[in-house]
Amino acid sequence: MATQKLYAGAKLREMRAKLSLTQKDFAAKLGVSLPYLNQMENNNRPVSTTVVLALAQEFGLDVTELSTGDSERLVSDMREALADPVFVETMPPQADLRLAASNAPALARAFLALHQAYRQNHERLASLDEALGREDARLQASPWEEVRDFFHYCDNYIDAVDHAAERFSRAAETPTEVRATAIAALEQAGVTVELCDMEGVRRYDKERKLLQLSQLAAPETQVFQLLLQVALLLNNSLLEATLDFAKFQTEEARAIAKIGLANYFAGAALMPYGRFLAQAQADRHDLERLSTRFGASIEQVAHRLSTLQRPGAKGVPFFFVRVDQAGTITKRHSATRLQFARFGGACPLWNVHRAFETPGQFLRQLAATPDGVRYISLARDVSKSSGRFGAPLRRYAIALGCEVKHAGLLVYADGMDVDNDAAYEPIGISCRICERRTCHQRSVPPLERRLQVDTNTRGTLPYEVT
């Protein structure tokens, strides 16, 4: 098999900018000529083995970072944006999108931001009557979407916060010890922790320095909320520094992101990176065993597995998604080539939708996307009770998966016929950008194909995709 050439011009430019080096100085440190570096940075030449070794030795770079990053995400996001009917006659070929993502990622992100603004403007005009009656009606990025994209393009791994959380719980090896450590840290800061019968899960009185937790909440939820409060109170400067770096457009987005970072700290403290990664590998990523060992919920464990992308100590690259009963994606992250739709729901052929039908059970699926990549996917419902009779039940389902080449590392792959082509179910991302021509669950025609309609025949669909 021929060796694949590595083009990483954007990564080289990004690294040089972070180091504040000129092309001349950077070339000298890498041991190459200035014209050669220029050609690599513009993707006119692949990155040579000499340069890869120099990057590792001179700058301590995890060389796997050269072949990963935003490129696949940008391509997927641009394809989805270009599926908008406004671009109906102008869908660029896939090769052009890949060139844009690798050679001009800043331009690709600017295009995505422009399309997002267009969508928000379009949606606002659709509800014009309501908007005209509001004094605060204005055009701006949705804070929620802005924060979601921040974590999306950070690969859902925040290095400084992850390390801080790991240091905090280094001496605590059991869930009980983690809980005690969190309470002790808060009490040392003058905060009183109190369990009580209350609405909601957590309430902090800043004036009285009183943290109240619901005694009806599950133990893992209580510990998580304790750690979240530790992040907000004792690691505030770290969170604020990370937020300054992100440069959010609105105060609302910054506030939502701060909660997200505090949640990240809580998950990383409950499941410290090094110990959790080692145990996940030893348990072959058995979510139930990991849940018991670390005192975390199934959803918390699955989400944490999707964040194990620390340079130099990476875990299995998982995708993680949570959907509601309407199929709307409420959480999403992918360290794999599979990228989720940024707007709307997930492919109905995916097993995550069937998890609602089998509460408390894990569903396994071998799936193949239109690009030929094969995955193993695990799905389960994670319905959440409010802890009292008559309270509404919040119903969600989660999916965790990876490319099938990692199947041997997962206990869930045992007994599955991963070598049988017929065992793989065809799934897609979004109907408008899915290339499958005969999908029986297609809701709308694919944007990149022409349709043939015959009024005298009717198959699975009322048209044929040509």
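Visitor: Leaving aside its neighbours within four places in sequence, which residues is Gln212 in contact with?
Guide: In this predicted model, Gln212 has its place in strand 3, which covers residues 210-214. Once neighbours within four places in sequence are left aside, the residues in contact with Gln212 are Glu194, Cys196, Met198, Val201, Arg202 and Arg203.

Visitor: With which side chain does the side chain of Gln212 make a polar contact?
Guide: Glu194 is one of the residues in contact with Gln212. The two side chains make a polar contact at 2.9 Å, and the partner of Gln212 is therefore Glu194.

Visitor: Is Gln212 buried or exposed?
Guide: The relative accessible area of Gln212 is 14%. Because a residue counts as buried under 20%, Gln212 is buried.

Visitor: How do the residues of the contact of helix 5 with helix 6 divide into nonpolar, polar and charged?
Guide: From helix 5, Ser71, Glu72, Leu74, Val75, Met78, Arg79 and Leu82 take part, meeting Gln94, Leu97, Arg98, Ala100 and Ala101 of helix 6. These residues divide into seven nonpolar, two polar and three charged.

Visitor: How many residues of helix 17 are buried?
Guide: Helix 17, residues 298-305, is mostly covered. Its buried residues are Ile298, Glu299, Gln300, Val301, Ala302, Arg304 and Leu305, and the count is seven of eight.

Key
Residues are numbered from 1 along each chain as its sequence is written. This is a predicted model: local features need pLDDT of at least 70, side-chain atom pairs count only at pLDDT 80 or more; totals for chains, interfaces and linings use all residues. Side-chain values use heavy atoms; hydrogens and water are left out. Helices (H or I, at least four residues) and strands (E, at least two) are DSSP runs, numbered from the N terminus. Buried means under 20% relative accessible area, exposed over 50%, partly exposed in between (1.4 Å probe, protein chains only). A polar contact is a pair of N or O atoms within 3.5 Å; within protein, one must be able to donate a hydrogen and the other to accept it, and residues adjacent in sequence count only if both atoms are side-chain atoms. Contact means heavy atoms within 4.5 Å. Ala, Val, Leu, Ile, Met, Phe, Trp, Tyr, Cys and Pro count as nonpolar, Asp, Glu, Lys and Arg as charged, and the others, Gly among them, as polar.
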